[in-house]
Amino acid sequence: MRLTRRRVVRLPASPTRFALPAPALAFALVLGAPLPGRAQERASADDGGGPLHVALEAHQTGDYGQAVSAYRSLARSGHEFPASARGWARALAATGEYESALEALDRAAARAPDGADAETELARARGSMLYALGRLDDAEANFRRAIEGRAGDAQLARLDLGRLLFDRGEREEALALFDGFIDFYNRARRLDSEELRAVGAALTYLGARDPDLFHDAVRAFEEAIEADPGDPEPRIDLGLLFLDKYDSFEAGPLIDEALARNPAHAAALLAKARRAKFDGSTEALELAEQALETNPRFTEARAFMARLYLELEDVGEAEAEARRALETNPVSLLAWTEIAAAAHLRGDAAAFAEARDRVLRLDPRHADLYVALAQVAYRTHRYADAVEFARQAVALDPLSWPGRAELGLNQLRTGDIEAGRATLEASFAGDPFNVWVFNTLDLLEELAGFETVESPRFRFSMHPKEAGALSIYATALAEEAFDALSARYGFEPPTPISVEVYDRHADFSVRTVGLAGIGALGVSFGSVLAMDSPGARPGGAFNWGSTLWHEISHAFTLGYTEHRVPRWLSEGLAVLDERHAREGWGSDVDPGFLAAFRDERLPSLERFNYGFVRPAYPGQVQHAYYLASLLCEMIETTRGFDAILGMLAGYRDGLETPEVVERALGTTLPALDRELRDYIETRFDPTLQALGDEEAGAPPGSDTFAGLLVAAAEAQRAGRREEALRALERAHEIFPEYAGLDAPVLFLGHLRREAGDFAGAAEAYRTYTALNENHFEAHLALADLEQSLGNDAAAREVLERTIWIDPFHLDLHTRLASSYERAERWPEAARERRALLALQPADLAEAHYRLALALHRGGDARSARSAVLDALEIAPNFEAALDLLLEIRGDPEDRR
């Protein structure tokens with residue numbers, strides 16, 4: 001193969017819609033420390049399989065102590081120079097002993113064989129250590145010495161010099177050096193693995209100007225793997241390239257193969273951490289910590305840890321990690337970038353300006369600073385800030401395709417659809433591998449075909465097949481929520497609030513993060529909301545009404561605090577606002593939550609956001625929502641809602657959580673945490689006692705909640721109905737708030753209904769549906785029971801609540817329409833007839849006629865006339881419709 005400036009080989013997977021799993025924002029490709037030279041090492045090792053082979057094998061498999069010892073022995077005796085000296089320094093550097101590595105090079109140079117130009121041959125290795133320590137001028141001088149002296153690793157030094165110049169903003173000289181690697185590859189008869197890695201690395205830089213060259217970079221790294229199958233480094237390089245090009249699927253096996261060869265490889269562990277972050281896995285933090293166990297001075301890993309902490313809104317820990325990185329490398333662009341982001345989140349304008357200026361003095365064209373700031377702003381809900389930062393990234397470097405992507409995506413999040421589309425199209429032209437951008441552009445084409453429905457303060461976008469029925473209820477609920485929340489918060493967010501309702505969950509997921517697979521139901525970007533429609537999930541999977549109310553609540557808390565509210569408080573208030581809106585909404589306590597509380601697995605308030613972003617066990621995200629709602633409930637109950645408003649005002653004013661708690665609540669964060677634990681203990685004490693503390697694998701005690709459920713099931717199977725009823729009643733008594741699918745009160749309803757105790761069954765179903773907002777069948781069963789008991793008004797109320805679960809159920813609307821007609825409540829009857837018509841029933845003429853009848857009975861003769869004419873257009877001989885038309889024409893209201 002000859003490298004050209006056109007495409008030679010394609011990346012294995014071009015972007016296809018929904019190609020990747022659930023995301024987190026990817027770090028830009030960072031090649032880490034300069035590539036270590038091992039050409040002579042490998043040649044010597046292959047020749048004899050002697051001491052150098054032993055040293056290299058220990059190095060590649062992560063036995064760094066043995067590698068240091070073996071290299072040192074060779075270097076001190078002057079054998080295998082310069083490979084032994086370079087290897088000695090690299091093995092020390094692998095565990096962060098950069099100063100010791102420099103000393104080792106000095107000692108090896110003193111023992112070099114006569115005639116060897118030791119200073120030249122070891123210059124590149126010395127430059128690598130100086131580069132890691134941030135001594136850039138000295139590093140540059142050593143790289144140039146290796147190049148000018150034609151050292152054996154001069155080409156590798158050329159790459160290192162290019163990287164150093166690139167990081168200083170000297171792009172043209174750096175890119176010229178990188179461009180030379182194309183000719184270097186094409187002229188060479190045979191390149192070793194190290195040189196092929198250098199070619200691939202150079203091409204990844206050139207790819208910003210010509211994305212076709214990324215294909216050639218893939219081939220170069222693949223050839224490097226073939227040239228030295230035992231070296232984990234080229235696999236890491238290729239894995240990071242795939243990850244940088246949004247292909248986690250291809251990256252994973254390569255990184256895992258590198259770790260199989262060397263489980264302690266710090267760069268491989270960091271690569272795996274980055275992939276975990278990209279995939280939305282909770283393992284990212286643990287993997288980065290493992291990388292630091294190997295090399296505690298690994299600057300890139302420290303900066304990565306800082307980013308993870310920033311996304312957890314743990315600003316103090318983030319800055320601490322970044323400053324630990326600076327202890328090793330005081331001029332680390334990555335570390336100073338994270339410090340700038342931390343200062344921005346803290347609202348410390350002076351510290352932000354200092355960190356920003358440090359970065360731009362080091363590299364005046366460092367657009368990645370603003371890309372990172374935009375990413376952190378997005379992850380902490382500061383979407384307008386994200387737009388501005390991304391705009392500055394593009395202004396600083398028009399070839400910052402990640403910057404353009406961030407700009408376009410955040411323009412969409414702030415509602416600037418057309419500008420966002422144009423920006424994303426430009427971004428995709430420069431980086432056609434960005435699957436997030438590709439998917440979003442694809443989605444925008446679909447969104448353009450959505451139907452817009454407006455109400456006084458909302459603008460809904462819905463799929464045309466759903467808009468007719470869904471908008472009837474969505475607009476009314478949204479306006480009700482706005483009125484209730486504006487009264488509650490004493491604040492109104494900017495209007496109109498845009499609500500995008502997606503009929504496919506994958507589309508909602510792409511709108512939210514660019515990829516399919518997100519588990520959420522809705523998201524708020526402030527005055528732009530997006531959510532699943534009830535048709536996007538299986539019937540009864542969620543309550544779309546409470547979801548809409550939840551997201552509108554976020555628009556208020558985000559707006560009130562100017563997008564500075566921490567996630568835990570915004571989510572807690574949104575769930576609590578659900579509970580205030582409707583009976584049964586926002587009630588999510590289950591045995592798992594109480595067991596986690598009992599076992600002290602719920603996070604403290606100091607680490608509240610960890611439960612949302614880095615859950616420690618399955619189900620913790622749901623538990624975090626409920627825990628946050630209990631905290632808000634406790635504060636409102638004990639101090640009044642003004643205390644909540646005081647907290648929101650504190651965040652708006654730029655205070656951090658300890659200061660907010662002290663100013664608004666008059667207590668400390670640890671004291672508030674203890675107060676919350678006492679509140680939960682008191683509220684759920686009988687249930688906590690009844691949960692028991694069973695050993696793993698042991699059967700539950702007969703007097704525990706689980707034991708009572710087991711006893712009820714056994715009694716029911718044996719036909720002992722009364723015994724089953726008693727066990728279920730006792731279980732419900734000790735855990736009355738439980739609303740799961742195995743809730744005892746639900747089974748009480750089933751058993752009582754089977755026994756003909758309809759009043760008792762209705763009472764049980766009332767209790768259950770007041771707790772569970774999603775159970776469609778239980779709501780319908782209760783409506784049937786209420787109607788059989790003559791409680792028509794109660795039956796209608798249940799059916800109304802059922803609409804928030806499934807508004808597309810024809811029988812539900814038919815029953816409601818008939819019930820309202822019997823009660824002569826004509827506006828409600830007409831509403832239901834309109835919904836039925838929108839759902840396209842089999843007999844459209846009958847549907848139009850029924851609507852006309854309800855409108856006419858309600859006094860809207862003009863609309864009734866239009867509806868009956870629609871019926872007659874379908875069925876001209878429809879006798880009842882003809883009679884109704886004559887009746888309407890005789891109505892004085894129609895004549896006016």
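Modeller: Helices are DSSP runs of H or I with at least four residues, and strands are DSSP runs of E with at least two, numbered from the N terminus. The model discussed here is predicted.

Biologist: How many helices and how many strands does the protein chain hold?

Modeller: The C-alpha trace of the protein chain spans about 115 × 65 × 55 Å along its principal axes. Assigned as above, the elements within the protein chain number 48 helices and five strands.

Biologist: What share of the residues of the protein chain counts as buried?

Modeller: The accessible surface of the chain is about 34600 Å², and carbon and sulfur atoms account for 49% of that surface. A residue is called buried when its relative accessible area is under 20%. Among the 896 residues of the protein chain, the buried share is 60%.

Biologist: In what order do the strands of the open sheet lie?

Modeller: The sheet has mixed pairing and five strands. Its edges are β1 (451-455) and β4 (522-524), each of which pairs on one side only. From one strand to the next, the twist averages 15°. Read across the sheet, the order is β1-β2-β3-β5-β4.

Biologist: Do β3 and β5 run parallel or antiparallel, and over how many bridges do they pair?

Modeller: Strand β3 covers residues 497-502 and strand β5 covers residues 528-532. Tyrosine 502 stands opposite aspartate 532 of β5. The pairing of β3 with β5 is parallel, over five bridges.

Biologist: Which residue in β5 is the bridge partner of glycine 522?

Modeller: β4 and β5 pair in the antiparallel sense over three bridges. These two strands form a hairpin with three residues between them, and glycine 526 in the turn has a positive phi of about 110°. Within β5, the bridge partner of glycine 522 is methionine 531.

Biologist: Which residues of β5 point the other way from Val528, Ala530 and Asp532?

Modeller: In a regular strand the side chains alternate between the two faces of the sheet. β5 is mostly covered, with five of its five residues buried. Val528, Ala530 and Asp532 point one way, and the residues that point the other way are Leu529 and Met531.

Biologist: Where is serine 400 found, and is it buried or exposed?

Modeller: Serine 400 is found in the loop between α22 (383-396) and α23 (401-413). Leaving aside neighbours within four places in sequence, serine 400 is in contact with Ala367, Val371, Ala393 and Val394. The relative accessible area of serine 400 is 4%, which is under the 20% limit, so serine 400 is buried.

Biologist: How many residues apart are aspartate 137 and arginine 168?

Modeller: Aspartate 137 and arginine 168 form a salt bridge whose closest N and O atoms are 2.5 Å apart. The pair links distant parts of the chain, with aspartate 137 in helix α8 (residues 136-148) and arginine 168 in the loop between α9 (154-167) and α10 (171-187). Aspartate 137 has a relative accessibility of 54%, over the 50% limit, and therefore counts as exposed.

Biologist: Which residues are linked with Asp137 and Arg168 in a network of salt bridges?

Modeller: Side chains of opposite charge can pair when their charged atoms come close. The structure holds 71 salt bridges. In the network that includes Asp137 and Arg168, the other linked residues are Glu140, Arg144 and Glu173.

Biologist: Why are arginine 391 and glutamate 388 separated by about one helical turn?

Modeller: The side chains of arginine 391 and glutamate 388 meet in a salt bridge of 4.0 Å, N to O. Arginine 391 is partly exposed at 40% relative accessible area, and glutamate 388 is partly exposed at 40%. They are about one helical turn apart because their separation in helix α22 is three residues.

Biologist: Are aspartate 673 and arginine 677 buried or exposed?

Modeller: Aspartate 673 and arginine 677 lie four residues apart in helix α35 (residues 669-683), about one turn of the helix. They form a salt bridge with the closest N and O atoms 3.1 Å apart. Aspartate 673 and arginine 677 are both buried.

Terms used. Residues numbered from 1 in each chain as written. Predicted model: local features only at pLDDT ≥ 70, side-chain atom pairs only at ≥ 80, totals over all residues. Heavy atoms only, no water. Buried < 20%, exposed > 50% of the residue type's maximum accessible area, 1.4 Å probe, protein only. Contact = heavy atoms within 4.5 Å. Pairing = 2+ DSSP bridges. Axes fitted to C-alpha atoms, helices over the stretch in contact; angles between N-to-C directions. Areas by Shrake-Rupley, 256 points an atom, 1.4 Å probe, with all protein chains shown as cover.
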